[in-house]
Amino acid sequence: MFSLTVPNMAAKITRTIFRDREVDEDRFAIVKYGVEIFLVNVTKGITVYLAAALLGMIWQTLVVHLSYLFIRRHSFGLHAKTSLGCTITSVVMFVVLPYLVKDVQLSGWMIVLVSALILLNIAIFSPSDTENMPLFNAQKRHELRRKSIMNTIVVIVVAILFSSIPEIQLLILLGGIIQLLSIHPMTYKLLKRRYNNYEQIEL
């Protein structure tokens with residue numbers, strides 16, 4: 001229900017921001033949109049970490065979330081079509097999945113295999129755009145891919161450093177797997193979303 005009040009709250013906050021100034025309609029709409037995004041993201045964060053707290057999974061959720069975000073910052077990937085869908089997906093990815101796998105034990109060769117799988121897919125498929133954010137610039141895509149690979153290597157190295165704490169190692173790799181799935185063409189196909197949008201639009 002809170003999400004239904006976000007536009008009204010955003011409008012009130014924006015009016016407060018411009019309280020002592022004249023502002024045109026376009027400028028007001030731009031600022032209001034930014035405030036809405038901020039409020040929605042705060043709401044999602046509260047929901048995710050409240051769910052994590054209820055399951056006693058706050059630090060586990062944080063580890064997965066940070067690993068995922070560090071790789072995603074340059075590799076991008078799918079977004080849910082609605083705020084509610086994003087919230088539900090986030091709870092599943094960052095709370096339910098860590099809860100389900102928290103007791104899983106991976107052997108050394110499995111760690112190597114999963115790490116290689118993550119790195120290979122990030123190198124091949126990143127950055128992955130969306131219909132609303134097509135990546136037209138080829139040079140920009142190349143730079144984003146390079147940064148995505150470097151970020152993934154950092155995450156894998158951190159996971160290796162935590163070899164003495166298997167649970168943390170697993171959670172770090174889980175974040176990478178989640179991001180791998182969010183950029184993979186098969187995921188786009190299963191969800192009936194358009195892939196390589198810059199090519200489609202250029203045609």
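Helices are taken here as DSSP runs of H or I spanning at least four residues and are numbered from the N terminus. On that basis, Leu 39 is found in helix α2. The structure described is a predicted model.

The protein comprises 9 helices and 0 strands, and its pattern along the sequence reads α-α-α-α-α-α-α-α-α. Taken along the principal axes, the C-alpha atoms fill a box of roughly 65 × 50 × 30 Å. Of the 203 residues, 38% count as buried. Among contacts between residues at least 6 apart in sequence, 75% join residues that are at least 24 apart.

Two helix pairs involving α7 were examined. Two packed helices are described by the angle between their axes and the distance between the axes. For helix α4 (residues 83-101) and helix α7 (residues 166-183), the axes come within 11 Å and cross at roughly 135°. This angle makes α4 oblique to α7, and the crossing of the two helices is right-handed. On the α4 side, the contact is made by Met 93, Phe 94, Leu 97, Pro 98 and Val 101, and on the α7 side by Leu 170, Leu 171, Leu 174 and Ile 178. By class, the residues of the contact of α4 with α7 are 9 nonpolar, no polar and no charged.

The second pair is formed by α5 and α7, which pack at an angle of about 30° with their axes 10 Å apart. Because angles under 35 degrees count as roughly parallel, α5 is roughly parallel to α7. The crossing of α5 past α7 is left-handed. The contact of α5 with α7 divides into 10 nonpolar, 5 polar and no charged residues.

Leaving aside neighbours within four places in sequence, Gln 169 is in contact with Ile 111, Ala 159, Ile 160, Phe 162 and Ser 163. Leu 181 is also placed in helix α7. With a relative accessibility of 46%, Leu 181 counts as partly exposed. The C-alpha atoms of Leu 181 and Tyr 99 are 19 Å apart in space, and the two residues are separated by 82 residues in sequence.

In soluble globular proteins, nonpolar side chains tend to be buried together. In the present model, the largest nonpolar core contains 27 residues, of which Val 64, Phe 94, Val 95, Ile 118, Ile 172, Leu 173 and Ile 178 touch the most other members. The elements that give two or more residues to this core are α2 (25-54), α3 (58-75), α4, α5 (108-125), α6 (138-161) and α7. Helix α7 gives the most, with 8 residues. Leaving aside neighbours within four places in sequence, Ile 118 is in contact with Thr 152, Leu 173, Gly 176, Ile 177 and Leu 180. Another core, of 5 residues, lies apart from the largest one; Ala 10, Phe 18, Val 35 and Leu 39 are among its members.

Leu 39 is buried, with a relative accessible area of 12%. From Leu 39 to Leu 173 the C-alpha to C-alpha distance is 30 Å, for a sequence separation of 134 residues.

Two local backbone features were found in loops. The peptide bond from Ser 126 to Pro 127 is cis, with omega near -10°, and Pro 127 lies in the loop between α5 and α6. Phe 76, although not a glycine, has a positive phi of about 60°. This residue is found in the loop between α3 and α4. Phe 76 is partly exposed, with a relative accessible area of 23%.

Methods: Residues are numbered from 1 along each chain as its sequence is written. This is a predicted model: local features need pLDDT of at least 70, side-chain atom pairs count only at pLDDT 80 or more; totals for chains, interfaces and linings use all residues. Side-chain values use heavy atoms; hydrogens and water are left out. Axes are lines fitted to C-alpha atoms, for helices over the stretch in contact, and angles run from 0 to 180 degrees between N-to-C directions. Angles under 35 degrees count as roughly parallel, over 145 as roughly antiparallel, 65 to 115 as roughly perpendicular and the rest as oblique. A crossing is left-handed if the near helix is turned anticlockwise from the far one by less than a right angle, and right-handed if clockwise. Contact means heavy atoms within 4.5 Å. Ala, Val, Leu, Ile, Met, Phe, Trp, Tyr, Cys and Pro count as nonpolar, Asp, Glu, Lys and Arg as charged, and the others, Gly among them, as polar. A nonpolar core is a set of buried Ala, Val, Leu, Ile, Met, Phe, Trp, Tyr and Cys residues joined through side-chain atoms within 4.5 Å. Buried means under 20% relative accessible area, exposed over 50%, partly exposed in between (1.4 Å probe, protein chains only).
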